[in-house]
Amino acid sequence: MKVLVTGASGTVGNLVVRALSQREVAVRGVVRREESAAALRALNLPGVEVAVTDLADAVPALLDGIDNVFLVTANVADQLTQEQQVIQAAAAAGVQRVVKLSVGGASPDAPLALARVHYAAEQELAASGVAYTVLRPAFFMDNLIQYIPWINADGQMPLPTGDGAMGMINTQDIADVAVVELTSGGTDNRDLVLTGPEALTIDQALKRVGEVVGRPLSHIDTSREEFLNRYIAAGNTPDYAQDMATLYDGILRAGYGAGLTDTVERTIGSAPRTINDFARDHAADFTQGPGSSSI
C-alpha cells in the first residue's frame, strides 16, 4: 500500500506521515516549499518520499502508484480548487479511499467561509465515486499554542470565547483515526465527528495546562475587535481573521462546540488524549512563553 499525504508539513499531515511510516506503510508526502521538504526529509522516516509542488499543478503525476489519499489543504484563496483537483485526480487514478480533513457544520450557508469551502469539496468527493471518510474534529488543543505570545504577565490568554465549552481534541488522535481509515480497507463512506474526552472552556483548559507545567495560566475574555487586531498583526489575512473571529466570538462562545462523541475510542481502540496529556507534550512551549518566570 502507498498513501499520498497532502499538507505533509502541517500539524495533522505531518503526524499522519509519521504514523504511517511507523506502520511500515509507504508514503508520498506533498509540501509546497523546499524548506518544508528539507525538514521532512531530515526526519529520515522509513518509506517516506517527499514531493514539492503546488496542488494546483501536476496533481495526476502525484497519484501515480497511490492507493489511498489523506487530503488536507491550507486555508488559502484557492483551497477549494486544490481539493477538487486532488479528488478528481484520485478518481481518475482509481484510488481506493480518500480521507478528508474537514470541519463541523459544513454547509452551503454556514456562517464560516471555511465551512462553506469544505462543504463544496465534500460535494465533489461524494460525486467522485471514490470511497471516502470525512473527519470533523472539534477545536484542536494544539490551537492554544499559537496564542502563547498573547499571554500577559498575569498568565492570562485573551480570546473572545467567553464561557463557551468545547470538546477539545489532541491532533495526534485525529492523525491516529486518519491512519486507521487509510489502512483498514472497506468500501463504505464514513462521516466521523471527532472530539476529546471532555468539554472544556478555554479557562478550564488553560488552568489544567498550568497545573501540569507549574505556571498559573487562565483565560481572559476579550472583544472581537481586539482579537481581529491581534490576529491580523500576527500575519493572517483580514478575511481569514474575520472567519476565526466568527468561530470564537460566535460559534464557540455560544457553546456549539461542546458536544462529545466516542468516535476516537471506537476507531483507535483507546480513549482520546486529555488536556493533561497535551500539556505534558507541550510543557516547553508553555513554560517559555511570555509572562513565564523562565524568561
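User: At what angle do the axes of H4 and H5 cross?
Analyst: This is a predicted model, where local features need pLDDT of at least 70, side-chain atom pairs count only at pLDDT 80 or more, and totals for chains, interfaces and linings use all residues. Residues are numbered from 1 along each chain as its sequence is written, and side-chain values use heavy atoms, with hydrogens and water left out. Helices here are DSSP runs of H or I with at least four residues, numbered from the N terminus. The H4 and H5 axes (lines fitted to C-alpha atoms over the stretch in contact, with angles from 0 to 180 degrees between N-to-C directions) come within 9 Å, and they cross at roughly 15°.

User: Which helix is H4 roughly parallel to, and why?
Analyst: The H4 and H5 axes cross at roughly 15°. Angles under 35 degrees count as roughly parallel, over 145 as roughly antiparallel, 65 to 115 as roughly perpendicular and the rest as oblique. So H4 is roughly parallel to H5.

User: How many charged residues are in the contact of H4 with H5?
Analyst: Contact means heavy atoms within 4.5 Å. On the H4 side the residues include Gln 79, Glu 83 and Ile 87, and they meet H5 residues including Leu 114, His 118 and Glu 124. Asp, Glu, Lys and Arg count as charged, Ala, Val, Leu, Ile, Met, Phe, Trp, Tyr, Cys and Pro as nonpolar, and the others as polar. The contact has eight nonpolar residues and five polar ones, and the charged ones number two.

User: How do H1 and H6 lie to each other, oblique or parallel?
Analyst: H1 spans residues 11-22 and H6 spans residues 171-183, with axes that come within 9 Å and cross at roughly 55°. H1 and H6 are therefore oblique.

User: How many charged residues does the H1 contact with H6 have?
Analyst: Leu 15 and Val 16 are among the H1 residues there, and they meet H6 residues including Ile 174 and Ala 178. By class there are 10 nonpolar and four polar, while the charged count is no residues.

User: How far apart are the axes of H8 and H9?
Analyst: H8 (residues 224-233) packs on H9 at about 140°, so the two are oblique to each other. Their contact includes Phe 227 and Tyr 231 in H8 and Tyr 240 and Met 244 in H9. The axes are apart by 9 Å.

User: Which elements give two or more residues to the lining of the second largest pocket?
Analyst: That lining has 14 residues, with Asn 75, Val 76, Ala 77, Gln 79 and Tyr 240 nearest the centre. The elements are H4 (79-93), H5 (113-128) and H9 (238-252).

How values were computed. On a 1 Å grid over the protein atoms alone, a cavity is a set of points where a 1.4 Å probe fits but cannot get out, and a pocket is an open set with protein on both sides within 12 Å along at least five of seven lines; lining residues have an atom within 4 Å of a point.
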